[in-house]
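This briefing is meant to be read beside the sequence and the 3D view. Points are grouped by topic.

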Amino acid sequence: MKPRAILSDVPPKSAINTRLAGAFFYDCYVISIPDTTPAALDYFLTALANTPPWVNSLMALRNKIVRFVGLKDLGGLGDLNTSKPASAYAPRDRVGIFTLISNSPNEALLGDHDKHLNVVLSIYKHPPEQNGAQSISVTTVVHIHNLLGRIYMLPVTPLHKLIAPAVLNRIVGGQNAV
């Protein structure tokens with residue numbers, strides 16, 4: 001049986017913890033990984049490159065709708081240069097729909113800022129457990145700026161709870177994961 005992403009607590013040693021105060025929304029999903037050699041950003045790139053088609057369809061719909069209220073078209077979640085290795089990314093580079101904030105072997109922070117909200121993601125590679133098992137978590141933190149941000153989050157929050165684990169499941173098993 002393939003590992004599946006499950007809801008989890010935010011890792012205590014993750015840099016994302018400094019961004020939780022005052023958040024309108026945050027959550028964390030974790031998944032066990034079989035190969036512990038790649039860096040945190042490598043796992044994220046694998047997930048994005050294998051984004052489920054239904055997620056990109058939802059992103060396309062989102063982009064059409066938000067144009068009417070002056071928000072930016074983010075493109076598809078999986079829109080990235082698949083030939084660019086994680087080691088070639090530097091802070092301020094675009095990684096799919098996000099901008100890389102910081103990057104270390106064990107954690108990458110990415111975000112997007114707009115007039116209605118700020119989103120920051122952490123891809124955190126947990127230290128190995130005593131039995132050698134290891135896991136990756138993805139934490140999402142959202143700070144809203146105005147009423148438009150609150151309205152935007154009404155449909156996004158329940159959809160995010162479907163999208164985040166579905167994309168994270170793509171870290172293990174690639175396109176075969178749902």
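The model is predicted.

**Sheet**

- S1 pairs with S2 in the antiparallel sense, over two bridges.
- Within that part of the sheet, Ile6 has Val30 in S2 as its bridge partner.
- S4 and S5 run antiparallel and are joined by five bridges. A hairpin through two residues links S4 to S5.
- Ser102 stands opposite Leu109 in S5.
- S5 and S6 also run antiparallel, and seven bridges join them. Three residues lie between S5 and S6 in the hairpin that they form.
- Gly111 stands opposite Val120 in S6.
- S5 is mostly covered, with six of its seven residues buried.
- In a regular strand, side chains alternate between the two faces of the sheet.

**Helices against the sheet**

- Thr157 is a residue of helix H3. Thr157 counts as buried because its relative accessible area is 16%, below the 20% cut-off.
- A polar atom of the Thr157 side chain lies 2.9 Å from the backbone oxygen of Met153.

**Aromatic residues**

- How many aromatic pairs does the structure hold? There is one aromatic pair.
- Phe44 and Phe98 make up this pair, which is tilted, at 6.3 Å centre to centre and with 55 degrees between the planes.
- Phe44 is in helix H1 and Phe98 is in strand S4, so the pair ties together parts that are 54 residues apart in sequence.
- Phe44 is buried, at a relative accessible area of 7%. Phe98 also counts as buried, at 9% relative accessibility.
- Tyr89 has Lys84 over the face of its ring, at 4.2 Å from the ring centre.

**Pro38**

- Pro38 sits in the loop between strand S2 (25–33) and helix H1 (40–49).
- Leaving out residues up to four places away in sequence, Pro38 touches Tyr43 and Lys125.
- Pro38 and Ala21 are 17 residues apart in sequence, and their C-alpha atoms are 30 Å apart in space.

**Arg92**

- Arg92 is placed in the loop between helix H2 (53–66) and S3.
- Phi of Arg92 is near 85 degrees, a positive value in a residue other than glycine. Most residues other than glycine have a negative phi.
- Arg92 is exposed because its relative accessible area is 72%, and exposed means over 50%.

Notes
Residues are numbered from 1 along each chain as its sequence is written. This is a predicted model: local features need pLDDT of at least 70, side-chain atom pairs count only at pLDDT 80 or more; totals for chains, interfaces and linings use all residues. Side-chain values use heavy atoms; hydrogens and water are left out. Helices (H or I, at least four residues) and strands (E, at least two) are DSSP runs, numbered from the N terminus. Contact means heavy atoms within 4.5 Å. Two strands pair if DSSP finds at least two bridges between them. Buried means under 20% relative accessible area, exposed over 50%, partly exposed in between (1.4 Å probe, protein chains only). A polar contact is a pair of N or O atoms within 3.5 Å; within protein, one must be able to donate a hydrogen and the other to accept it, and residues adjacent in sequence count only if both atoms are side-chain atoms. Rings of Phe, Tyr and Trp (its six-membered ring) pair if their centres lie within 6.5 Å; planes under 30 degrees apart count as stacked, over 60 as edge-to-face and the rest as tilted. A charge sits over a ring if NZ of Lys or CZ of Arg is within 6 Å of the ring centre and within 35 degrees of the ring normal.
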